[in-house]
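Colleague: Could you walk me through this model and tell me what stands behind the terms you use?
Modeller: Gladly; let us look at it together.

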Amino acid sequence: MKAYLTYAINQNGDLVHVDSVANGNDCGCYCPHCKSGLCAKNGGTGEKMVHHFAHLSGSDCAGAIESALHKMAKNVLKESLCLQLPNRLNGIRGEQLRFDRVEVEFYDKETCLRPDCIGYYGDRSLWIEFKRTHAVDVKKKGKIISAKIDCVELDLNGCELDPNAVRKFIVEETERRIWIRDNNVQIREAGCGSRYVACRYEYDELRPVKRTFAKDENGVLVNLLDDEVDLNVHTYFCLACGRELSIDVNETGEYSFAHLDEFVFCEDDLYLREAAKNIIAQKFRTSKEFNILVPQNVNCAEKEVCVFFNPNECLMERRFSYNLKAHGYNECLQDFKLPGRKSKCDLVFQRNDGYNDAIAISIKAGSCHVDVDDEKLKIIEIEVLGHFSLWTLLNKSIGETSTSFINFKRDNGKTVSRSEIERGVLKFSLFRSGKYYLETVSCSLVNMRKNASVMELLFTEQIENWQEQDAKWYSLLKCYEQKRKACYCEICFFFDKPIRFYGVSEAICKRYKTKGTPHYPLREMPVNCPYFKVDKSLEEMIKSRYGRIKVIQR
């Protein structure tokens, strides 16, 4: 059904209905959008033609109805002095707010903005913006947010050009309205308060990167979450493309920088890389100390006397803090090309004595990464995944997360106690009942003997999970050699595990029908079975695999 322009502006600037003015060209009304003269077509009963306004020029005006609706919404709010607020950003249902007075299109000198309406209640105020074709643009949002002004936006699209329908929409409904800024709610910044939330956010490739870092007109790096960023005083520019930015807010109330030109293409990976470089460089220039956490290996203090010591397993990695400035590093060079290299390094820390002991920083931000391959150069490779990674670089030392240290010394000669390393030792225990148990215990607890066991074996080398069955066979063979009382079914030539229904296997004795042995031997734990025979192939396999492994028997 065609929408008709039924409201227009009279000579006093008031919004009037077509039936309240004279018929024809002498109605004295003009279009609320293009301001051209109108003709009132309100003659007759209205049965054949809806009463409406038409342009004297005969042309259609696409924005006439939207402009009339916009004007009507402002009038309704001023008359009703009531607004149903959107739901709060913390999930609480918005309340119905009653104003003492409402001003329409008041010019705010501080922000140089003219909101549609300002509602005053008590000593507070609220800006109200009515959306027609376009929402509040990002520059206006940024100025409102910078000035810390409470503001909501109501979407009029879908409203009828009828005062009663508009009044119901403004006063009663909660849909089609959002907060641009809500000072009543403390928004929890994703990425700073919860590591779990941050990591989930960072690995969501479909979600755009939250941009909170930029440079002002003086080239100073600013962080939207921590700094007093004010668009009414400063101008801000993108770290990646250099274009002008504003402040935007998403549906959950999180603030971020956004390009003034919403159609500009600017890669998130490039932003992350440039932001990381600028954060590190600024921290180095402005901090008295600049610590990096270098991973180094420490060995067990009992390595000289412990029979279980293995240089590849009896160690642990610890990160030791080094203050680069205390070690003579006094300069951080950004996008610097070291002598003899073909490409620039993202960052280089150097001493007064030159580049011999320089440290290069390589930022890995998705596809935006330049490999640094040099056997002599110390390299710190930092992976930047999103907003939380940048927050970590800003607030913590390099090396706490997602960092690789290349060509750094790994062993500093320090040792720690055996209990700190807690290397796992495979321990086999045989009990008087004939049952046995294989477990991995801490090397500091291997001397704790189970009273009920008749034999314990300790394997000096860790055995992979798939070899644990082999360890059982090895232990049973050792018991058999020493004629210890045990159930030897699992190393018996007649022991079998046939596959049953649904892929389930069950251990049986292949001689149970002819010789009267137990059908399911492991359930009954037969000891001293007269029909026992060692599986020679199994014995040979175990000897070949475990010939080099030292086993301690107790």
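Modeller: Let me begin with the largest pocket, which is lined by 32 residues; Asp248, Ser256, Phe257, Ala258 and His259 lie nearest its centre. H2, S15, S16 and helix H5 (268-286) each give two or more residues to that lining. This is a predicted model, where local features need pLDDT of at least 70 and side-chain atom pairs count only at pLDDT 80 or more, while totals for chains, interfaces and linings use all residues. Residues are numbered from 1 along each chain as its sequence is written, and side-chain values use heavy atoms, with hydrogens and water left out.

Colleague: What makes a space a pocket, and what makes a residue part of the lining?
Modeller: On a 1 Å grid over the protein atoms alone, a pocket is an open set of points with protein on both sides within 12 Å along at least five of seven lines, whereas in a cavity a 1.4 Å probe fits but cannot get out; lining residues have an atom within 4 Å of a point. The volume here is about 810 Å³, taken as the space filled by probe spheres set on the points, which are joined across faces, edges and corners.

Colleague: Which element gives the most to the lining of the largest pocket, and how is that lining made up by class?
Modeller: S16 does, with four residues; helices (H or I, at least four residues) and strands (E, at least two) are DSSP runs, numbered from the N terminus. The lining has 17 nonpolar, four polar and 11 charged residues. Ala, Val, Leu, Ile, Met, Phe, Trp, Tyr, Cys and Pro count as nonpolar, Asp, Glu, Lys and Arg as charged, and the others, Gly among them, as polar.

Colleague: Why is helix H2 called largely enclosed?
Modeller: Buried means under 20% relative accessible area, exposed over 50%, and partly exposed in between, with a 1.4 Å probe and protein chains only. Eight of the nine residues of H2 (residues 138-146) are buried, so the rest of the structure largely encloses this helix. Its cover includes strand S9 (124-131), strand S10 (151-155) and strand S11 (177-181). At the start of H2, a side-chain oxygen of Asp137 comes to within 3.0 Å of the backbone nitrogen of Lys139.

Colleague: How do you know that Arg418 is buried?
Modeller: Its relative accessible area is 16%, and the cut-off is under 20%, so Arg418 counts as buried. Arg418 is found in helix H7 (residues 418-421). Its side chain makes a polar contact of 3.2 Å with that of Glu302; such a contact is a pair of N or O atoms within 3.5 Å, where within protein one must be able to donate a hydrogen and the other to accept it, and residues adjacent in sequence count only if both atoms are side-chain atoms.

Colleague: And what makes Asp335 partly exposed, and Lys483 buried or exposed?
Modeller: Asp335, in strand S19 (residues 329-336), has 34% relative accessibility, so this residue counts as partly exposed. Lys483 has 76%, so this residue is exposed. Phi is positive in both: near 50° for Asp335 and about 55° for Lys483.

Colleague: Which residues touch the most other members of the largest nonpolar core?
Modeller: Ile280 and Phe349, out of 57 residues. A nonpolar core is a set of buried Ala, Val, Leu, Ile, Met, Phe, Trp, Tyr and Cys residues joined through side-chain atoms within 4.5 Å. H5 gives the most to this core, with eight residues.

Note on methods. Contact = heavy atoms within 4.5 Å.
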